[in-house]
Amino acid sequence: MEPLLAVDDVRVSFEKESGAVAVLNGVDLSVQPGESIGIVGESGAGKTVLVRTILNLLQEPWKVHQGQIRFDGEDLLAKQEEELRQIRGVKIALTSPEPRKQLNPLVRVGEQLAHGIRAHRKITRKEALELAVEALESVGIPDPHLRVRSYPHELSGGMCQRVVIAMALSHSPKLLLADEPTAGLDVTIARQILDLMAELVHEFGSSLMLVSRDMGVVAHYCQRVAVMYAGQIVEVGETEVFYGAAAHPYSRHLLRAARAARDDRRAAAATVEARAAAAHGCAYTPRCPVAITACEQSTPALEPVEDGHAARCFRRGEVARGEVQA
Amino acid sequence: MRFAKYAGRRLIFLVPQLFVVSIIVFFLVRLLPGDPAFLMAGQFATEERIEELRSTMGLDQPLYDQYARYVTNVLQGDFGHSWRTSQPVIEDIKQRLPATLELVLLTGFISVALGIPIGIYTAVKKRGIADRVLFGYGMLAGSIPDFWLGLILIFVFFSLTGILPGPIGQLDPIVSTPPRITGAIALDALLGGHWEAFKSAVLHLILPVATLTLVYMTLIIKNTRTMVEEMMNSDFVQHARAMGFKRSIQLRYAVRNALPPVVTVVGIVFWFLLGGAVLVETVFAWGGLGQYAVESVISSDYAPLQAFVLLAAVFTLLVFLLVDLAYFVIDPRIKT
């Protein structure tokens, strides 16, 4: 099947006066129509930059050096702002962490939803406002006809995220990029938001790319998992396979940390370490418990472990089978 | 309703503020060098004559007595007499205030009407020619004193080319002053249909208004530009962009949110303008309140000086009250 989205060897850097900092170092990823894929990895791995690159949102000082992003038969990185405007919000939609910051503080939420609707449909303001009420209703906001008149500061964080989701789904996009949709929300609200999102995405037949640092969330909501480390996808596979037989030492580390966090909250704090910038070889080498000489000399490619499961590791077979303690 | 309550409360606050200003002004004015009795009596007056004057002027009384009398009089609407013009200060002010307001308000409105759109334009069209021109202008305007620019403009447009009238006040001497309605000559001429006078008044307005506008508009341009640029990069405008909002709506979101700080700067500009008018009026022999204040300082004329500073304080406080009220209207997050 032709993938809905194909990210091919995308390289992005942050241009500083003192030199460029590479943030995405050749990302390869594909998303099938209707599938849910989770992107996991620690802060700074490049997850959010990847999401913004897919929408071709990056502006100076960011620079896309190389690579191609094909979506629904179109080359997104080759498009001009006005052409992109016809895709953003219509075919690909976005939700971001800190939902309150994504909404204009001086404009009523109904008005903002209406702006989003009228950006892509030729209808009157009044009709758009009626659709806004329906949109709020569909994301489970009580008294939607009253709530359209609320300002963002009058809504809770969870409610704001529902508004952002309503906006994202108002044109039934083919792909929803959900960047840490539950960051900053408390656990019960987070569950509700994710359930709602999953349900609506399913209803529209959209694909979902769920960026999260929560391994449990990804396991629950996604059919496939991609692990990002230092600007690369280091492992990708079916959720069940991944959780059973992760083939990259970093994935193992994440899974262990998630388990430890459940057992002992303090353990999670120990996972963040300084990342050495490896000029050659695998970026994870300095932290890897099973690194061999080859790891320092050349970068492993994203190679299959088995069908549909691939990892960027020379010892992926051994790690996946649990023959070495990674 | 909430708005009216808020505005009312803020107006009540003006009273203690003005009271404090009156104390400070009263004592500061008396710190000025120069003995008013001596200046009044003239160089060749005898010691007894000066003493006599000092007593009629009330200057031999203890300071707190002088202040008490001053406040009592002011509360009854009596701001004293000018020793120099020997007129009631209130009459002098009534006569001169419209000319100054004409200058300040006209400059203020032009600066806002031009400065905000220019600021928005340069925020959107970064690195255009307009942006470079404005950068140079901003640097210049920030470093040139207003009275000096006034002199340069007079030199170029009057002395060299003769395009515009010289610094001789608000009207050509041969044109008769239109009947007083508001006191602002250009406006009176317009209202009364005196076209000759209107034309002359407008021509006389050009240079002083241009001087003040060139110097102070840059604050509005720079601030608008910075704020709009910042808001274009804000999370919510970038989110609107990510959701494919129309470019015009993205810009509207940015401008709307840039407005509160810009309004503050507009307030500050009006406040600066009053100070700027003092010197520019002197350069152009405008005959307004600013020139009156300068002359009062030179001759240690206490009463008009006190009245001027008090009036300037009222003007400033009202401007900032308007700024706060504008915030209240713009930003729904502000509750009383």
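User: How much area do chain B and chain A bury between them?
Analyst: About 2,400 Å², 56% of it on carbon and sulfur atoms. Buried area here is the accessible area (1.4 Å probe) that two parts lose on being put together, summed over both. This is a predicted model, where local features need pLDDT of at least 70, side-chain atom pairs count only at pLDDT 80 or more, and totals for chains, interfaces and linings use all residues. Residues are numbered from 1 along each chain as its sequence is written, and side-chain values use heavy atoms, with hydrogens and water left out.

User: Which three residues supply 28% of what chain B buries against chain A?
Analyst: His239(B), Arg241(B) and Met243(B), more than any other three residues.

User: And how many residues does the contact take from each chain?
Analyst: It takes 23 from chain B and 32 from chain A, with contact meaning heavy atoms within 4.5 Å.

User: Switching topic: is Gln66(B) buried or exposed?
Analyst: Gln66(B) counts as buried because its relative accessibility is 8%, and buried means under 20% relative accessible area (1.4 Å probe, protein chains only).

User: What does Gln66(B) contact, leaving aside neighbours within four places in sequence?
Analyst: Phe26(B), Arg30(B), Gly58(B), Leu59(B) and Gln61(B).

Note on methods:
Chains are lettered from A and ligands numbered from 1 in the order in which they are written. Buried means under 20% relative accessible area, exposed over 50%, partly exposed in between (1.4 Å probe, protein chains only).
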